[in-house]
Structure formats: C-alpha cells, structure tokens
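Here's a quick look at the salt bridges in this one. Have the structure open while you read.

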Amino acid sequence: MASQFADKHAITQRRACRLLALHRSTCRYSVVGQQEDQTLIAKLKQLALKYPRFGYLRLHKLLQRAGWAINHKRVYRLYKMLQLKLKVKQARRRGMHQRIALLPATSRHQVWALDFIHDRLVDGRQVRVLGVMDHYSRECLALCVDTSLPGLRVVRVLDSLIAQYGKPAQIVSDNGSEFTSNAIKHWHASKGIHWHYIHPGKPQENGYMESMNGKLRDECLNMHVLGSLTEARSILSHWRHYYNHERPHSSLRYQTPKEFIASNREKTSPTIVKNQNKSTTYSL
C-alpha cells in the first residue's frame, strides 16, 4: 500500500510510510523460507505417517532431534494446514434425565444410594460389585458381585431389597449405562420411586456412597486376593457384616450403623424389617 501511495504521488517510500503511519520494515518485508517449507512439509508428512498417533508437540520434538531448528508454533500451523489432527473418539452422548431434587434423609430407608466398584480375580477376569446403602443409617444393604451386572440384574437386586426392607422414597446414582437403561426407567416409574441422577463428573453429589466405596477398596479389596466369584462373595459378605455391626463410623458419632439404628428407633421407617441381621451378599 505504501509503495502504491509513493508511486501515485511521486514521493519516496520513506515519506509515504511517515504519512501513512507505517513502519518501513513492514513495507520492506519479504516472505522467506518457502522452499524450506516444502522440505519441512515432506518431513512432517513422513513422521506423521510413521507415527499416526503422535500429536504436533511430539512431532515437533522429533523434528528437533532430526536437526530442524523450528518453533513449535510453526509446526502447529503446518500440522493444521495438512489436517493431521488426531481423531479423538467422542464420548457417548447420554440421555438427559429430569434431575429431581435430592431429598434430605430424615428416617431409615428413605433414600438409598447405588454405585459400582471394580476389581479382578486372579485369573484376570474383571468383577463388578454393586453396592447399595441407606443414607440415613449408612447401613450397607447389599453387595452384589458378578462379572456382569446389567440393568435387569440391578432391578432384581432392588426388588429383593424392597421385599426385605420396604420401598424407599428416592434412589441416588450416577449416570452409568446400567442406571440409565430402559429396565431401570420402567422399573422406578412403575414403583413410583424418584430416581436422582447426579450431574456427570460430580461424584461428590453421591458422597456417602463414594465414601463407602473408598472403605471397601481400602479395607477389603486391597487386602484380599480374589480367587473366584464364590470366594469374592464370601469375603464381601463378611466385610458387609463387619461394616454394619463392628466398624464405628465418624459420621454416626463413632457408632456402628446397627447401633445407630437401635438408638434411633423412633425415626426408623414403620415398614417391618425382615431378616435384619442377615449379612449375606446378594448373588441373584
């Protein structure tokens, strides 16, 4: 622009830059390194073909090791121009659910919490543990262990617990595929139970259950080698009895859940509790 202005008015380039408030270096700049770009592009393509899962930063380091004195920003510009960006697998979109407000637990069997925890047997098979606990008393109601626990299996465990303890007003869980399955949706709608889904990425909203899972991991699963499903069910059954009858809970003023239940009989749900002291692990 400055050169055109100088030619039009028959003035020097210096004066044209002064009148246009431009720096002379801007007018005299010429693009360099175009030939080097072609060589660099060829090298970058070669490395990207050899290492298809490397990003631009790692490719930049490889270029530096090959003797190229190059800035990572320049590599990124070429990386984008050549469309070498890695294809990232998109997270599966979960169905949006109506988030019902979480009820404060003022009595036993008013709010239940559910969650899964994972471990492995000695033969390498993965096992899943479905934990169910009562918000008010912190009592562990069930630990169901198996290699697979789909939504229908969760429904069977919950039906068994309702037959034993009565129906809760609300159940809290994360957004796992088992809890968002059609089997669960139809089940809690037919039972008239409110299901509270925590916000994705916020496990603290199911803090009581996460706390119990931490104790289960630290005090049981990390202390035993699980040889088989039968052995795992036996170990978790004993731990559940210990958790409910022997382990003092700081949140309950260092009472066990059973001691807390006994000292708060007036707030216990009027539902008749059957086989309350039974401590077997569900394997439905």
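A salt bridge here is a side-chain nitrogen of Lys or Arg within 4 Å of a carboxyl oxygen of Asp or Glu. By that rule, this predicted model has nine salt bridges.

| Pair | N to O distance |
|---|---|
| R108 and E139 | 3.0 Å |
| D146 and R233 | 3.4 Å |
| K191 and D159 | 3.7 Å |

Let's start with R108 and E139, whose closest N and O atoms sit 3.0 Å apart. This pair links distant parts of the chain, 31 residues apart: R108 is in the loop between helix 6 (72-81) and strand 1 (111-120), while E139 is in the loop between strand 2 (126-134) and strand 3 (140-146). Buried means under 20% relative accessible area. R108, at 2% relative accessibility, therefore counts as buried, and E139 is buried too, at 1%.

Next up is the salt bridge between D146 and R233. D146 lies in strand 3 and R233 in helix 10 (residues 229-245), so the bridge ties together parts that are 87 residues apart in sequence. D146 is buried at 14% relative accessibility, whereas R233 is partly exposed at 22%.

That leaves the salt bridge between K191 and D159. Helix 8 (residues 182-191) holds K191 and helix 7 (residues 151-165) holds D159, so this pair ties together parts 32 residues apart in sequence. K191 is partly exposed, with a relative accessible area of 32%, and D159 is partly exposed at 31%.

Terms used. Residues numbered from 1 in each chain as written. Predicted model: local features only at pLDDT ≥ 70, side-chain atom pairs only at ≥ 80, totals over all residues. Heavy atoms only, no water. Helix = DSSP H or I, 4+ residues; strand = E, 2+ residues; numbered from the N terminus. Buried < 20%, exposed > 50% of the residue type's maximum accessible area, 1.4 Å probe, protein only.
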